[in-house]
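The structure is shown first.

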Amino acid sequence: MKQKLLFPAWDEIFSRKFFLSIFGVFLLCGFSPFPGSPGMDLAETSLSACLHYSREELLSLGESASAYSFMVCFREMEWFAVLLPVLAAFPAVTDFAVQWTSGYYYFSISRKTRKKYAAQWMLRAAAQGFFSIVFGISLYFMMIYVKIPHFAAYHADTQDSMIVMAYGATAGQRLITLLLKVFHTGLLAAVLSMLAVALTVFCNDSFFAVSALALMEYFSMKLQSAYEGWLIAQYYQQGLETPMPFRVIRFFFPSYHLYFDQSFSYEYGIGYWLYVLLAVLFTAGIWICFYQMVTKRIE
C-alpha cells in the first residue's frame with residue numbers, strides 16, 4: 001500500500017507519451033554525425049550511414065566506423081543539449097499540467113498529504129525523464145549492434161587504436177565508459193524533468209517551463225562557445241594552463257554538464273561521485289521548492 005501511495009504506478013510511468021519520448025531520443029541519437037564519414041562530411045548522420053553503407057564499406061572506413069564509435073558518439077548532435085530537456089520532461093510535465101490546472105488536483109490531494117503528492121510527482125518526473133532517455137539510447141544501441149561491424153572486426157585493439165587510447169584498452173573498460181555516458185545523460189534528464197514540473201507550478205504554464213529550459217541550454221551553448229574561445233586566446237595559444245577559477249566558471253554553463261561524465265574529474269581533480277552527490281542535493285532542493293509551492297496553493 002505504501003508503494004502505491006508514494007511511488008507512481010507503472011502504467012503512469014509507461015504511458016504513450018513516454019514511448020513517444022523514447023522514439024524521439026532514438027531519432028536524436030540517430031541524427032548524430034557519422035563518426036566514420038569519408039572526407040569529414042558532418043552533414044552525414046549515423047542513421048543515414050546505417051541505411052546506406054554496406055558492411056564491407058564500413059569495414060573499409062576503419063575503426064571510426066565501428067559500432068563502438070557509433071555508440072560512444074550518440075550525443076554529438078549539435079542540438080542534443082537543447083532538445084534533451086524537451087524529450088526528458090515531455091511525459092511528466094504535460095500530465096502534471098493537466099492535473100494541476102484542473103479540478104482533478106483537488107480530488108488527488110484529498111486522498112494523500114501534500115508531502116506525498118509532491119514526492120510522487122517528483123519521483124514520477126525523475127523516473128520518466130531518466131528511463132525515457134536511457135531506453136531511447138538503448139534502442140539506438142540495439143540498432144547499431146545489429147547493423148554495424150563490431151570493434152573486434154577491425155583488428156584494431158592495439159596501441160595504435162584511437163578508440164583504445166581514448167576509451168580503454170579492454171572491452172570491459174570501454175563498456176564502463178559507454179555505460180557511464182548513458183547513466184550521466186539519464187541523470188541530467190531526471191533533473192531537467194523534475195525542474196520542468198517545478199517550473200510549471202511557478203509559471204502556471206508547462207509550455208513555458210519546457211521552453212525556458214530549452215532556451216537556457218541554447219544560450220548556454222552560445223555563451224560557452226564564446227567563453228571557450230576567450231580561454232583559447234588567453235591561455236591555450238600562449239601555452240598556459242587554464243587557472244582553476246576559470247575552470248570553475250564552466251560549471252555554471254548548463255550545456256557543459258552534458259560531458260561531465262568524463263570531464264568532471266579532469267577539470268576539478270575530484271571523482272565523478274561528487275558530481276552525483278551534487279546532483280542529488282540539487283534534486284532535493286527542487287523537491288523542497290516544489291513542496292513549498294504545493295503547500296502554498298490556496299484551495
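## Basis

The model is predicted.

## Packing of α3 and α7

Helix α3, residues 16-30, packs against helix α7, residues 80-100, with the axes 9 Å apart and an angle of about 175° between them. Angles over 145 degrees count as roughly antiparallel, so α3 is roughly antiparallel to α7.

On the α3 side, the contact is formed by Lys17, Phe18, Leu20, Ser21, Gly24, Val25, Leu28 and Cys29. The α7 side contributes Phe80, Leu83, Leu87, Ala88, Phe90, Pro91, Thr94 and Asp95. By class, the contact of α3 with α7 has 11 nonpolar, 3 polar and 2 charged residues.

## Packing of α9 and α15

Helix α9 spans residues 114-147 and helix α15 spans residues 272-295. Their axes come within 9 Å and cross at roughly 135°, which makes α9 oblique to α15. The crossing of α9 past α15 is right-handed.

From α9, the residues in contact are Arg114, Lys115, Tyr117, Ala118, Ala119, Trp121 and Met122. They meet Ile286, Trp287, Phe290, Tyr291, Val294 and Thr295 of α15. The contact of α9 with α15 divides into 10 nonpolar, 1 polar and 2 charged residues.

## Cysteines

How many disulfides does a search of the whole structure find? The count is 0. A disulfide requires a pair of cysteine sulfur atoms within 2.5 Å. For Cys29, the closest cysteine sulfur is that of Cys73, 11 Å away, which is too far for a bond. For Cys289, the closest is the sulfur of Cys203, at 14 Å, again too far for a bond.

Cys289 has a relative accessible area of 48% and is partly exposed.

Ile163 belongs to helix α10, residues 162-167. With a relative accessibility of 5%, Ile163 counts as buried. Neighbours within four places in sequence aside, Ile163 is in contact with Glu63, Ser66, Tyr68, Ser69, Phe151, Gly168 and Arg174.

Arg247 is located in helix α13, residues 244-250. Its relative accessibility is 14%, and Arg247 therefore counts as buried, the cut-off being under 20%. Not counting residues up to four places away in sequence, Arg247 touches Glu241, Thr242, Tyr266, Glu267 and Tyr268.

Leu59 is part of helix α5, residues 55-60. Its relative accessible area of 32% makes Leu59 partly exposed. When neighbours within four places in sequence are left aside, Leu59 is in contact with Pro149, Ala153 and Tyr154.

Asn204 sits in the loop between α11 (171-203) and α12 (206-236). Although Asn204 is not a glycine, its phi is positive, at about 60°.

Note on methods
Residues numbered from 1 in each chain as written. Predicted model: local features only at pLDDT ≥ 70, side-chain atom pairs only at ≥ 80, totals over all residues. Heavy atoms only, no water. Axes fitted to C-alpha atoms, helices over the stretch in contact; angles between N-to-C directions. Helix = DSSP H or I, 4+ residues; strand = E, 2+ residues; numbered from the N terminus. Parallel < 35°, antiparallel > 145°, perpendicular 65-115°, else oblique. Contact = heavy atoms within 4.5 Å. Nonpolar A, V, L, I, M, F, W, Y, C, P; charged D, E, K, R; others polar. Buried < 20%, exposed > 50% of the residue type's maximum accessible area, 1.4 Å probe, protein only. Left-handed = near helix turned anticlockwise from the far one by under 90°.
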